[in-house]
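I opened the model to look up two things. The entries below take the domains, then the ligand.

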Amino acid sequence: MIPVYTGSHVRDAETPLIRDASDLRLMRQAAAALAHHGLLMLKEHTGRVYGSRVVALIGPGNNGGDGLFALAALTKRGVATTAVLLASHAHPEGMAALQRAGGRTAPATALEELLVECDLLIDAGYGTGVRPGIELPSIPRDIPVLACDMPSGVNSDTGGAASSVIPADKTVTFGALKSGLVLGSGHLVSGRIHVVDLGLEATLPEPEAWVVQGDDLELLLDQDDSWSAAGRHKYQRGVLGLLAGSARYPGAAVLSARSAVACGLGLLRTIVPQNVAAALTTQVPEAVGLGSAELTSLLARNRRNEREGATRIGAWAIGPGLEDSAETRKHLDQVLASGNPCVIDAGALAMLEPGTHRQLRILTPHAGELNALLAKAGIRVSSRDIAADPLRWARWAAVAYDCVVLLKGSATICTAPDGYALIVHAATPDLATAGSGDVLTGILGTLLASAHFGTASSNEDVVARTHKLTDLAAAGALVHAHAGALAAHEGTVSAVDLLVELPRAARDLGL
Ligand SMILES: NC(=O)C1=CN([C@@H]2O[C@H](COP(=O)(O)OP(=O)(O)OC[C@H]3O[C@@H](n4cnc5c(N)ncnc54)[C@H](O)[C@@H]3O)[C@@H](O)[C@H]2O)[C@@H](O)CC1
C-alpha cells in the first residue's frame, strides 16, 4: 500500500527544510527529476533529445521555478526550450538559470504558435499553491504533456479540478504521493505518476489515506478468512443471505447471486420476490430460497448463537434491485436488527436511517446515492461538492451512518468513521456499466460471510473491527477491478463478463 498525503501537508513539510530564500536545494532536486522525465518522454515520443522542442507553461510561484530550472537543464542537453510565462512575474533564480543556459521566454499570447512545433509540453503553471478560479490554455491532444508536481488547476488535497485543467501523460510529483493525484478528477488527469523522494518522510504527518496495489490483497485479508480455503466445510466457507431483486429489477439479484457463487461462497440463502425466485432457480441453481417465516426463526436462532449448519448465516448482502414495499421493509428491518455484518447497496441505501448501531455495515453508494444519504443525515451538498472532494464527503457519511463507506467512482474510496481510508483504482473505466455494482455486492458479501470479526469489548476493538471491515471492502473492490481489467482485454465490459472473469481474478490475486 502506498501512503498518500495532502498536498498542503507536503508543502508544510517542505517549507522548514528551506532555511532561507537562497536555499534552492529542494527545488533543484525536483527540477532535475522533472528534466530527467522530460528527456525520457522526448526519447519515447520522438526518438531523440538533441534538437527536439520543449515548451513549458511557467506560473508565478515555485512550481514555475521548478519548470524554469528543468528547462535550463534540458537546454544544456541540446533541447530547444521556450518558457511561456503565464503571469507578469516568475521565479527570479529560475529565470536567471534559464537565461544563463540559453533558453528563451515568450508571453502567453505566443503559445498557440509555439505549439505548432512542439515535441513536449511541460506544465509548470501551478502546483500545490493553486487557488480556485484558474484559467488555462487548451493544448492539442497530440502533444505529450509532462506535469510538474500536479497538473495545473488540480487541488492537491482533494483531487477537485478546474474545468480548463490540462490532462497530463505523466506527472512527476515531489516529496510524496499527494491525495489530489489519486482522488476524483485529479486521478483522471494525472497520467502515470512518478514520485520523487525529497527526504521529507520524517517531517510528514500521518498519511491521509493509502492507495491499494494489486499485490496488497494478502495484507488486506486475514489468512483464516480466505474465501477459497480449500477443503473447508461449505458452511465454514461462508453462508451469505441475499435480500435483493424486485419485479422491476430481477436481474440485479441474479447478478449478485452469481457473483457470490463465482467467488466460492459456501452457501447462498436468498429472500427474493416470486418472479426473481424463478430466475434464480434456473440461473443460480446453487442458491437456496428463504421464506419470510424461515427468516424470522433463523434470525432468532442466530441471536441465540446456535450453530446449525445452513441456519447459520454469516453475513448479509442487501439492496441490489430492491424496491420499497411493506414486505421489503419488514425483511430489511429484521436483517438490520441482526448481529450479522451487512453490505448495503442500491435500493437498501434509500431505506437506511443515519445513526449508530452495533452491526458491522459497509455501504456502497455511488456519488448520487452518497448525496441522498448525506441529505437524509441533514448534510446538504451538491454533486459538484462531492466530485470536488469525494474523500471528505465519504467520511461524513461514514460518521453519520456509523459504518464503512465504499464510494464508487473512478477511484473507489473505502473509509471508516475514524477517517481510516483506502483507495482502489480500476485499470479500466468500463467498470461503470449497469450491473457492475451488483457484482461488487456479491463479492463483498462473500468476503464478509467468511470473515471473523470477534467481539468488541473495548474502543480499540471497535476501531480494529471497522478497520478490518474497511480492508475487506478494499479487497472486494480490488478483486472487482481486476476482473474488470481481465474482461477489458476482450473488449467492452458487461456485468456478465465480470462474472466470467471473477474466478481468474481471485486466483491471480492469490486468493
Ligand atoms: N516548498 C518547497 O520547498 C518546494 C516546492 N516545490 C514546488 O513548489 C510548488 C508550490 O509552490 P508555491 O507555493 O509557490 O505555489 P504554486 O507555484 O503552485 O502557485 C502559487 C502561485 O500561483 C499563483 N496563483 C495560484 N492560484 C492562482 C489563481 N487562481 N489565479 C492566479 N494566480 C494564482 C499565486 O499567486 C502564486 O504566485 C510545488 O507544487 C512544487 O512544484 C518544489 O520545488 C519542491 C520544493
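Domain bounds here come from an automatic or database domain assignment. I looked up how the protein chain is divided and found domain 1 (2–209) and domain 2 (214–453 + 465–508). I noted that residues are numbered from 1 along each chain as its sequence is written. I also noted that this is a predicted model, in which local features need pLDDT of at least 70, side-chain atom pairs count only at pLDDT 80 or more, and totals for chains, interfaces and linings use all residues.

Next I checked the distance between the domains: the C-alpha centres of domain 1 and domain 2 lie 41 Å apart.

I then looked at contacts, which need C-beta atoms, placed from the backbone, within 7 Å. Eleven residues of domain 1 touch twelve residues of domain 2. On the side of domain 1 that touches domain 2, helix H6 (179–182) and helix H7 (184–189) supply at least two residues each. H7 gives the largest share of that side, four residues. Helices are DSSP runs of H or I with at least four residues, numbered from the N terminus.

I sorted that side of domain 1 by class and got five nonpolar, six polar and no charged residues. In this scheme Ala, Val, Leu, Ile, Met, Phe, Trp, Tyr, Cys and Pro count as nonpolar, Asp, Glu, Lys and Arg as charged, and the others, Gly among them, as polar.

A residue is near it if the C-beta atom, placed from the backbone, lies within 6 Å. There are 26 residues around the ligand, and Gly61, Asn62, Asn63, Gly127 and Gly129 come nearest. Helix H1 (7–14), helix H2 (25–46) and helix H3 (62–76) are the elements that give two or more residues to this shell. H3 has the largest share, four residues. By class, I recorded eleven nonpolar, ten polar and five charged residues in the shell.

Note on methods: Two residues are in contact if their C-beta atoms, placed from the backbone, lie within 7 Å.
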